[in-house]
Amino acid sequence: MKSFILSCCFFLSVLPVWGQMDFSATFSGYWSGTLHWYQLGKEPQQVKMQLIVKPPDSAHIYTWQIRYGDGGSDNRPYLMKAVDTAKGHWQLDEQNGIRIDQNWLGNRLTSSFRVLGATIVYSYWREGETLVAGSYHIRTKEPVMSGRGTDESPQEERFKATRFHRPVL
């Protein structure tokens with residue numbers, strides 16, 4: 001009986017995680033706050049940011065709109081499309097030919113992509129009533145090499161992290 005109760009508790013504790021492969025209940029709504037922007041060798045900056053996530057249409061396509069600055073002067077209307085919700089796979093369509101894969105990992109919607117010589121890793125997640133995000137911008141144009149290229153000392157490439165963004169909405 002005790003093992004049955006423990007099994008039920010385990011199942012009920014992971015059930016919300018399984019259900020969140022579709023992030024609609026997690027991210028839908030109007031989010032507003034501050035983007036904290038850190039650049040290597042510069043003073044941190046703060047920028048107002050808004051994220052508006054509207055529920056999907058019949059094709060599982062969400063409106064995913066990001067606005068930066070006072071009054072949302074920098075407006076970026078994107079679409080978030082379901083690719084395989086059972087596997088937590090989504091795709092952000094910038095509506096300009098760029099589509100960025102998003103994956104649900106550990107209760108975070110996460111992407112990784114390379115553009116203009118930088119690799120960017122970006123995640124969105126909830127902390128209570130707050131939506132938080134974080135991104136690292138890593139310069140990949142000029143790696144620094146080390147290691148001997150052997151089993152004991154494999155060749156390794158190092159890259160410089162140059163920016164970190166942390167919106168708290």
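Predicted model: local features only at pLDDT ≥ 70, side-chain atom pairs only at ≥ 80, totals over all residues.
Residues are numbered from 1 along each chain as its sequence is written, and side-chain values use heavy atoms, with hydrogens and water left out.

The protein chain holds two helices and 10 strands, which are DSSP runs (helices H or I, at least four residues; strands E, at least two) numbered from the N terminus. Along the sequence they follow the pattern α-α-β-β-β-β-β-β-β-β-β-β. Of the 169 residues, 30% are buried, meaning under 20% relative accessible area with a 1.4 Å probe, protein chains only.

The largest pocket has a volume of about 670 Å³. A pocket is an open set of points on a 1 Å grid over the protein atoms alone, where a 1.4 Å probe fits, with protein on both sides within 12 Å along at least five of seven lines; lining residues have an atom within 4 Å of a point. Its volume is the space filled by probe spheres set on the points.

Among the strands that each supply at least two residues of this lining are the following.

| Strand | Residues |
|---|---|
| E1 | 29–39 |
| E7 | 108–115 |
| E9 | 130–146 |

Strand E7 gives the most, with four residues. The lining has 26 residues, of which Tyr68, Arg76, Tyr78, Phe113 and Tyr122 lie nearest the centre of the pocket.

Key. Buried < 20%, exposed > 50% of the residue type's maximum accessible area, 1.4 Å probe, protein only.
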